[in-house]
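Please keep the structure in view while reading the points below.

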Amino acid sequence: MIPRATYRIQFHRDFPFDAAVPLAGYLKSLGVSHLYASPIGTARSGSTHGYDVVDATTINPELGGEDGFRALAAALKAEGLGIILDIVPNHMAVGGADNRWWMDVLEHGPDSAFARFFDIDWDAGKLLAPFLGTGYGEALRSGALALEADGSAVMAHGTHRFPLRPEDRAALAGEADLATRYDGHTPEGAERLHALLERQHYRLAWWRTAADEINWRRFFDITELAGLRVEEQAVFDAVHVLPLRLYREGLIDGVRVDHVDGLADPGGYCRRLRAALEAQREGPAYLIVEKILAAGEPLPTDWQTDGTSGYDFMNHVAGLLHDPAGEAPLTRYWHELSGRPADFLEEEHAARIEILERTFPGQLDAVADAFHRIARADLATRDITRGMIRRGLAAILVQFTAYRSYGGQSLDDRLGRAAAAAKEAVRPSETAVIDQLVAWMQGGQAQDATRRFEQLSAPLAAKSVEDTAFYRYGRLLSRTDVGFDADRFSLSPAEFAETVQARAAAYPHAMLTTATHDHKRGQDVRARLAVLSEMPELWIETATRWGELSIAEGIDAGDCYQVLQTLVGACPFVLDDPEGFAERVVQWSQKALREAKLRSSWTLPDEAYEARIADFVRNFLRSAELRRELTDFVDQIGPAGAVNGIVQAVLRSTLPGVPDCYQGTDFWDFSLVDPDNRRPVDYAARQNDTAGDWRTGQIKQTAIAECLALKSTDASFTRVDATGARAENLFTFRVNDLLVVVPIRCAPAVRGDLSLDPAWWGDTKVHDFRVDQMLANKPYALIR
C-alpha cells in the first residue's frame, strides 16, 4: 500500500467528491497511484480547507457525505488508484453552534462527558469564552447578547451559541416574557442577563482578552480552533473512529497527520496510531506527519512513521536552485534598502521576543505556574519565584531553534543549546534557574509542565518564524516559505545529495513535495525568483529603478521591494488580464503586511497604508510603460525559471520517496499565499492532448508523467559526478538503474524555447555522455 506518487486535492463545497470522480483516468495517466485528500470530516459550513472540523466521526455532507466518498473511492479503484487521507487530531472548530462536544462542555462544565476532550485548565476557574466582538459590558447593554426565546441558550452577535446549565433552563421555564425581562437594552434586563451568565460554566469575554487570560489550548492563536487531548484514550478513539473505519474497509491506504507538534506526545501518538491502523487489516499502513524540521533536525525514527509530508524536501530542492554568488549582493541590498537586519536569525530572534509577549503571554503564564508548583513542592527549590521561572522560560523559548523538544529530549541537544544561549541573556543570578528548568524537563518529574512548555514552543515557532519573520525578511522571497531555513541561501550539489541520502536511509517513503495548500508562493514563483540569484546586479538595477516610484506614494522601501519581487515571480507568461493579476497581488500584499505586523496587523489593521500599497500595485500594472518593462523582464528570466521549475519537478518525481503533486501544479504554478493557492483548477486543459507552447505548462506535465512512469517504490540513490567546465552546474545521480541528469544555475545557457546552448557546456560530461547532447532537446535526461 506504499504510494508510488500522490496527487493532492482540496475538497470543499464547490469541489466535492463527485467533481474528482472524472479525474481518475487522468491521474492514472499522469503516473499517480493515490489521490491525497484534504480532511473530509464534517467541517464548519462553507469551509474551504476542512481543518475546522466540528464532527470528526462523520464525512462532511457538503463534500458528498459517505455515499459520495464511496463513489469516489470506487472510481479510483477502478483505475487502480487508492486514497491517502489528511486527518486533524490536534484541534476542532469551536464557537458558533455546530460542535456537539463543545456545546456539551459549555452546558455541563467539568461534569461534561467531553470535558477532558478539550485541553481546558479547569483548575483556573470557569472556561474563558473570548468570542465577543466588543467589551462584555457593551455587548450586554447593546443587545449583542440575547437570551433565546425558549430560555435554552444565549446568542452572541447572532452567531455564537452559549447553552445554559440545565438547572437554569428549568428555572427559566417558569418565567414569562423572557425576551423583555432579559433584554440588555434596559438596566433591569442587563442586570438579570448578567446574573444569569455569571452562573454558567463559562465567562463571556472580549476577543482581545484571549492572549492574556485564555485557559484552554488553541491552535496557535485562533480562538475558534480548540486543542484536543488526543493523548487520552477516549479522545483518541472518538477522533479516529472515521479514518480507522475507512482504513479497515480498504477505502483509504494511509493518513497524513496534521500539525503533529501540537500534540502532547507526538511520538507516543504516532506509535499508537500505527498500531491502531495495522490492527484494522493486514499489511503496513502509510503514515506521514506534517512536521517542520529545523536546520539539522532529524525526524525521530522511534515514532514509527514513514516520514514527513515534505516541507524539508521543498526547502532543500529550492536551495539547490539558488546560486550562492547572489547571496552577498542581495543581502547587502536588502539591508541597505529596508533598514532591516541582514541576518535572518536576528529577525527571527526579535520576532520570537515580540510574539511571545504579544500573542502567548497567558500561555507562558500557565507554563510558569506549572513549574512554580513543582518548585514550591521541594524544599531545595521553593525559593525559586514564579517571576524567575517565567523569565527563564521566556529566555529559553526565544533561543529555541526548533518547533519543540520531546519530553525535554532531542537528538541533537537543541534544548541544551537553547538553555546555554538563554543564560547569556538573563541576570547572572538567575542562570541557575535555567539549569533547574532543563533538569526538570529532562528528568521526567515535570511531565505536565514540560508538556505545556512544548505545546507553547511549537505555536511560538510557527507564529514568530513562519507567520512573522518570513514576512519581514525580504532578501529573496524564494527562500522564505513554509519549512524553509531562511538563513541558508543555497545548497551545493554535494549538500543536497547528503539530504537525499539521509532521508532515503531513514525514511525511504517520505513524501516529497514542492507545493502545498499552505505555501506562501507557488513552486514556479520560487523557481523564477531563484534566477535572480544568478543575476543579482541586473535585478538590483531594475528593482531600484522601479522602486523609485514608491517614494511619492509613502510606501516603505522594504514593502515595495517585496511587492516588486512578487510581481516578477508571479506574473503569467502572457499577461492578458493585468487587472485580475493586480487584484491577486493586492490580496497577497494585505496578508503579507498584516502577518509582518510592522505597519499593519490583523488585530489593528492600517487600512490607509494597505490602500497605498494596493494603489501602487494597480498603478504599476496600469502603466503601459511599466507593464511592458515587467513583461520584458519576465520574458528575459522566465525561460530559466521554467527550466528550474521542470528540474525541481523531475527531482521530486525521481528521487527516493513519494512525490506529491499539489492540485494544478502539473502545469505552471504561479500561485501566491492562500486563498490564491486554492483557486479552481482547469482540469479540462490538463487533459487536453493537443500539443501547446511550453508556456502552457504541458512540458512540465510531460516531464512529470515521464518520470513517474519509471518510478519505483523501492529506490537506491547514488550521486554521480560530472566532469568538465560546467560540472557544478549539474546534479546527476542514479536511482536503481536510472541515470538522471538535470541542469542547475544555468540561466545564461537557457534560450527562449527552453533549449540549452550546447556551446555553454563545453567539455562537460557524465561518464562518457556529453552533456550538450544529453540536454539538447529538453532540460533533463533519463537514461537506462
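In which sense do strand 8 and strand 9 pair, and over how many bridges? The two strands, in a model that is predicted, pair in the antiparallel sense over three bridges.

- Strand 8 covers residues 145-147, and its residue L145 stands opposite A156 in strand 9.
- Five residues separate strand 8 from strand 9 in a hairpin. In the turn of this hairpin, G151 has a positive phi of about 70°.
- Strand 9 also pairs with strand 10, which comprises residues 160-163. This pairing is antiparallel as well and runs over four bridges.
- Strand 9 and strand 10 form a hairpin with three residues between them. H157, in the turn, has a positive phi of about 60°.

**Side chains of strand 9**

- In a regular strand, side chains alternate between the two faces of the sheet.
- Strand 9 spans residues 153-156, with A153 and M155 pointing one way and V154 and A156 the other way.
- All four of these residues are buried.

**The largest pocket**

- The largest pocket has a volume of about 1,700 Å³.
- Its lining consists of 50 residues, and the closest to the pocket centre are F220, D221, I222, K463 and D467.
- Several elements give two or more residues to this lining, among them strand 7 (127-132), strand 13 (222-227), helix 14 (344-359) and helix 24 (578-596).
- Helix 19 (447-472) is another of these elements, and helix 19 gives the most to the lining, with five residues.
- By class, the lining of the largest pocket comprises 22 charged, 19 nonpolar and nine polar residues.

**The second largest pocket**

- The second largest pocket has a volume of about 800 Å³.
- This pocket is lined by 34 residues, and R584, W668, F670, R679 and R686 lie nearest its centre.
- Helix 24 and helix 27 (683-686) each supply at least two residues of this lining. The largest share, three residues, comes from helix 24.
- The lining of the second largest pocket divides into 12 nonpolar, 12 polar and 10 charged residues.

Technical notes:
Residues numbered from 1 in each chain as written. Predicted model: local features only at pLDDT ≥ 70, side-chain atom pairs only at ≥ 80, totals over all residues. Heavy atoms only, no water. 1 Å grid on protein atoms, 1.4 Å probe; cavity = no way out; pocket = protein on both sides within 12 Å on 5 of 7 lines; lining within 4 Å. Points joined across faces, edges and corners; volume = space filled by probe spheres on them. Nonpolar A, V, L, I, M, F, W, Y, C, P; charged D, E, K, R; others polar. Buried < 20%, exposed > 50% of the residue type's maximum accessible area, 1.4 Å probe, protein only. Pairing = 2+ DSSP bridges.
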